[in-house]
Each structure stands twice: as C-alpha cells, then as structure tokens.
Amino acid sequence: MVNKTKLAVFKFASCDGCQLSLLDCEDELLSVADAVDIAYFLEARSRRVEGPYDVGLVEGSITTPGDVGRIQEVRRACKYLVTIGACATAGGIQALRNWANVDDFFRHVYAHPEFISTLNTSTPISDHVAVDFELRGCPISKHQLIELLTALVHHKKPTTPTHSVCVECKKRGTVCVAVAQGIACLGPLTQAGCGDLHTGRGAICPACNRECFGCFGPQDQVNGASLTKFYQQKGIPRQTLVQLTRNFSGYAPEFRQTSDSLEEQEESP
Amino acid sequence: MTSEEEPQPTERRTIEVKAISRVEGEGRLHLRVRGNVIEHVELNIYEPPRFFESFLRGRQIHEVPDITARICGICPVAYQMSSCHALEKALGINVSPEIRLLRRLLYCGEWIESHVLHIYLLHAPDFLGYESGISMAVDHREKVERGLELKKIGNDLLEVLGGRAIHPVNITVGGFYRAPSVRDLKALLPRLEWGLQAALETVHWVSKFEFPDFTWDYDLVSLHHEDEYPLNEGQVASSSGAMIPIEDYENHFQERHVEHSTALYSVKAPDNHFYLTGPLARLNNCHDKLSPICLKVFDQTGLTLPLRNNFQSIVARALEVVYAFDEAIRIVKAYQVEVVPSRTPFELRPGEGCHATEAPRGLLYHRYRIGEDHLIAEAKIVPPTSQNQGQIESDLRSYLPQLLSLESEEIAEKSEHLIRNYDPCISCATHFLKMTIDWNSDSAK
C-alpha cells in the first residue's frame, strides 16, 4: 500500500463529540484505519506522525490568543482543511460570549480571572484561515463523516445535503410540529444532516415530538425574518425566538442576523 | 528504589512530551525532579474556558439539558441527567417509576458506550504495549472488534431512547419528549444478551493484565443508594464514613481555583483533602448492590475488595459494563407498554435545586436557581474530572519515586498511563496537555 491519505485530527474549544464520531463509526473504524493513515489524533492515538498531512479535520472554535497562532500552523500543515461540527464552523455554543460582557462571564465562574487567558470572542475556523470543506452538526453525523473520508480517499467532492430539515420531516412522515402544535421549530432554516438520511431517519428532533433547534446551522436559502414573524404572529415571545436562534450554531451569519434583528425590533416602539 | 540504582545525570534535563493522548480533551503535565526528590507535580488543564455556568443564566428551563450536554461529547447523558434531576427538585416534579426506569436504561447506554471506549481503545493498549486501540487491532483484531460491537450496542441504546447517541435530543425536564416504542426497545434484546456475554469475557480479559504495584488509601466518594447500584440517585457516600445528602454536598466539597489550571480543584472538608470518584469508588462503596452475575464474575477474577489499586479501575469499569448490560436487559424485558405521559407536566415557578448523578468517570453535581422570571438565575456544575484532578496529582507524587530509575521518556509514558486510570474528561473541565519533566540532580543530597 503506497501513499495512503494522511489524516490528522485537531481540537480547539469543544466538547470532543465530533472527534468521537470517528470512533463511533464502529463498523467502519478498522477499515478506515486500513485505508487512511491516521497520523495525528490525540484522542485515539499516542503515536504522532509529523505533518504535512493530506487532510486535517478540525474540531472546535478559536477562543484563546494561542489558538489564533495554532490554527495558522495547522493550516500550513494540511493540504485540505475540513472543519467538523458547529464549534469549528460557527463558533459553537461558547460563542454566546460574543453577545455578552466576558468579564461578567469570568466573574461568575472563576475566583481568579487573572489566571485565565481567553479572547472576548469564540469564532469559527474560517474567520482565521481558509477552509476547504465543512461538515455541519452538533455533533456531526458519522454517516457524513464516512462519506467525507470515502470521497477524500477517492479524490472526489463529498456529497452532503444543503436542503432544509423540513424536507427530511416530509420524507420521514413526521407531522409538522410548527403547523400542528404551534411549536417554534427551526427546521425551515436549518440544514439537513442529523440522523441517518440514507435510511430516511433524519430530522431527529421533530421525530421526537419537539422543535429542531438548529444543530446543523443555516441551510442554503434562509429567510429568518419571515419565519420569526410567523412565529410571533402565533404568539411566541421574541426573547424565546432570540434564544432559539442563538444556540449551537447561533453565531453563523444567517442565524446571527435573525436573532439580532429580533432584538433590535424589541428595542423599537 | 534506592538512590544508588538511579541514573545520576549531571546536568539538568527538560523532557517534553507534546501532549497526553488517549484522554478526552487536552492538558499538560509538568514534573520537576531533583535527584530522587519529586519537587513539583502540576497537572495543567488549559482547555479554554467555555463559561457554561455563565451563559446558562437567563435561559429557559427546557433548554438546560440540551445545553449542558454540550459540555462533553463523551458523557452528555450525565450532564442531562444531573440537570434534569436538579431542575425537577427546584420545580417539585416527581417523575413516574416508569420514567425513572427509562432514565436508568439511558444511563446504562452511556456507561456501556463510554466505559467500553475507555477500556478497549484508550486504556487496554497501555497494559498490552500498544500506542492505540487501532494498532492493538493488528494483533488483537477479535478483541478490538468485540469492543467496537459492545460500544455500538451502547450507542444504539442511546439512539433508541435519546434520538441520538452523542448529545441526545429526546431528554427533557420531567422525562422524555417521546417514549421509546416497545418494539424498538425489544428489538435490542438479542444484542444486549450477546453484549452481556461479551462483557463477562471482557472482565476475564482485563483482570489478567499485569497491574503496576501501586495501592493507595483513597477517600472514595460516590453515590450510594439503598436498593440499587447508583446511577441517577442516592446519597453521597465516602469510604471515610460520611453519608451526605446531596443537598449538603457544597458544605462538604469545595472548589478552588489554582493558577495553573482552568479546571477548578475540588477538596473535601474538614481538612481539605483530595478524594477519588469513579468506577473504583463506586465498586468499593456499593459492591453489595451489584447483581449476582457481577459478583460471580468478580469472584472468578480472584481479586478481592477493597480494591485500592487504581490501575485496576479497568476491572471495575468492565464489571460496571456487565452491570449495565444486565440492568438494561432487566429494564427492557419489563417494558411492556409505552409510558404515558412520557413527560411529567409541571408549572414553572421560582426555586432552587441540586442533584448529583454518577457519570461514567465519577460524581457529577449540578445546582440551579430559577428566578422570578422563571429563567435560570444561577447555575453551578462540578464535573468529575475537576473532583479527581487533585487526586491525580497526588497519585503521581506517590507513584513517581518507583519510576525514577527509568529513562525520562518511559517516566512520561507511565505517568500518562496513571492519568488514564481516571478516564479523565478534560473537555468537561476545560486542552493541550503537554508533559515536561525538569530533571535536575546536580544538587541532589
């Protein structure tokens, strides 16, 4: 076997859940390890092969001054850089600090904020370096991860959906929670990908009789203003909608714009 | 170990191992040795702070289990369970016995998934001389495949109950958004039965590993429940004798902020000592609540309680996997009709509540105050790794003297192995674990 794709996995601020998705590919893990050289993956291997790497998977968002430098090194070491998960693609849940006073955040958690070095923001990887491809999700779908790795090994572009969660609800036969129950659901704005789309078991939250809360971030064509206006007309408070959109992918531009517009609206008479 | 046997380097050596691997999250370990004196041990967790306790304030009650799950991708259920129980206490909600059992089943899924990941892919390679589960598979393919299948069953259980294995979506205050179908749960039975047998084989396998000679008189802290092995409920038991209601937790355990770590350190009153949580603590404190099949297989290993060698936590973990399969089978068999309602109705009100559950790696405490506006006014979360962190350093201080004759690289490896006993979840607490050893014997003795 010559020239196996050399894969590296890097972590920034995150919960490790997206990296874990690789280890959660129980049926495929050993085949992946046969097909790809997992050269750097701290969570799973002590062996560390120096770069350059063919593919770097990056989990997590940029939240410290040190990370700003480290992502540049990671970028230089990787031919293709793929961000995995909501933290790496949109700043993650920790991007809630971007709307807050970080000094206040500090004081509530740490007795000695002076011991901590952090940025006032949590930002996606693409704010700092060029990104070749992104896998959405909080967490990513292991089915999409396998698709991505297979495509990379065969030098093809990965196929991932760009349509909304609503399409998956229809495919699955889930009754719309927004229309039938008046639940504010982010399905119309959110990119499909949760669950297993191949078996028609996507749109996992509405299938559990609850709202989609946007784990996979904004889909291609988003009209957040229209959707939130609809929910407001149904009596859903603005603040509820602000928080629904300010979630795991809340700092993605389309979601950010939606929640910020709602907030501005509240301030006007 | 006597000083005569040690290498006597004449100049100061600094050895750096880039990062501790096969742990969840990253951090750094700094060791300074002068001759045979361990001068300084510092576990430096500098995972960037993510401020969960801050941004939970002002959020709605039902958002809490979805948000706290994101503290950790390996044990999200633990965060969801401690959150739900604490908020239910604040709101005066009593869930039905059926929901209680389904939550127990959910936790079994997480214990299986997390413990098996640790045993097969992260920890066993240390005992067998491999750098990873992946390279171990070259010589022990069947074993690794068995581990992967076991882990998959745990994840499938989580999917059926939680809608998703990582960050389940079906968990809410008061119960579940939707009860699992009887058919979907029963369909898991044959694999759960297979898993129980494979888990028993796992106990036999890991109990034959060669364990480093290191026992310690730990203060073992875990939940203890009168009738069952603790998952979601119980009082806080300590091997030093205390039995503490969860409501009193903060009077006995306190967090301290130290300069070298973003993770807070927990200490136990009255003398502010470190303590151990996790599988070894649970096994020692609660072994009488294990099912007969667990006790029988433990008996067959030839090991005896109390088990005070933390390298044998892998055996305790394997035993808990047996327990989790056994308990899961019991619960699934008893599940005959879908639970209605799957979510206990409640009215929002101001209040305060705290709760602790047993995350795979140890006790996890949450406290919330709900304000007059019915939103979260205050949140406090004490993850297991921050509770174990002081004990990890203490173990290293005690264990290092017997390693000093080794090459520095080996010392680093063996220290990492010791740290892995704890299955530390550094993401929970906090990133880059870099190990440096300053070795200066110039002025020794």
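**Notes on the predicted model**

1. In chain B, β12(B) and strand β13 (residues 376-382) pair in the antiparallel sense over 6 bridges. This is a predicted model in which local features need pLDDT of at least 70, side-chain atom pairs count only at pLDDT 80 or more, and totals for chains, interfaces and linings use all residues. Residues are numbered from 1 along each chain as its sequence is written, chains are lettered from A and ligands numbered from 1 in the order in which they are written, and side-chain values use heavy atoms, with hydrogens and water left out. Strands (E, at least two residues) and helices (H or I, at least four) are DSSP runs numbered from the N terminus, and two strands pair if DSSP finds at least two bridges between them.

2. Staying with this pair, His366(B) has Ile381(B) as its bridge partner in β13(B). The hairpin of β12(B) and β13(B) has 5 residues between the strands, and His374(B) takes a positive phi near 65° there.

3. On the other pairing, strand β11 (residues 351-359) of chain B runs antiparallel to β12(B) over 9 bridges. These two strands form a hairpin with 2 residues between them, and Glu358(B) has Leu363(B) as its bridge partner in β12(B). Strand β12 (residues 362-370) of chain B is largely enclosed by the rest of the structure, because 8 of its 9 residues are buried (under 20% relative accessible area, with exposed over 50% and partly exposed in between; 1.4 Å probe, protein chains only).

4. Do look at strand β10 (residues 265-268) of chain B too: Tyr265(B) and Val267(B) on one side, and Ser266(B) and Lys268(B) on the other, are all buried. Strand β9 (residues 253-256) of chain B pairs with β10(B) in the antiparallel sense over 4 bridges, and Glu255(B) is bridged to Ser266(B).

5. Cys75(B) sits in the loop between α2 (64-69) and α3 (76-91) of chain B. Cys75(B) counts as buried because its relative accessibility is 1%. An unreviewed UniProt entry annotates Cys75(B) and Cys428(B) as "binding site"; such annotations may be inferred rather than shown by experiment, and feature names are shortened, with positions in the numbering used here.

6. Turning to chain A, domain 1 (5-153) and domain 2 (165-264) divide the chain, with bounds from an automatic or database domain assignment. Their centres, taken over C-alpha atoms, are 25 Å apart. The count of salt bridges between the two domains is 0 (a side-chain nitrogen of Lys or Arg within 4 Å of a carboxyl oxygen of Asp or Glu).
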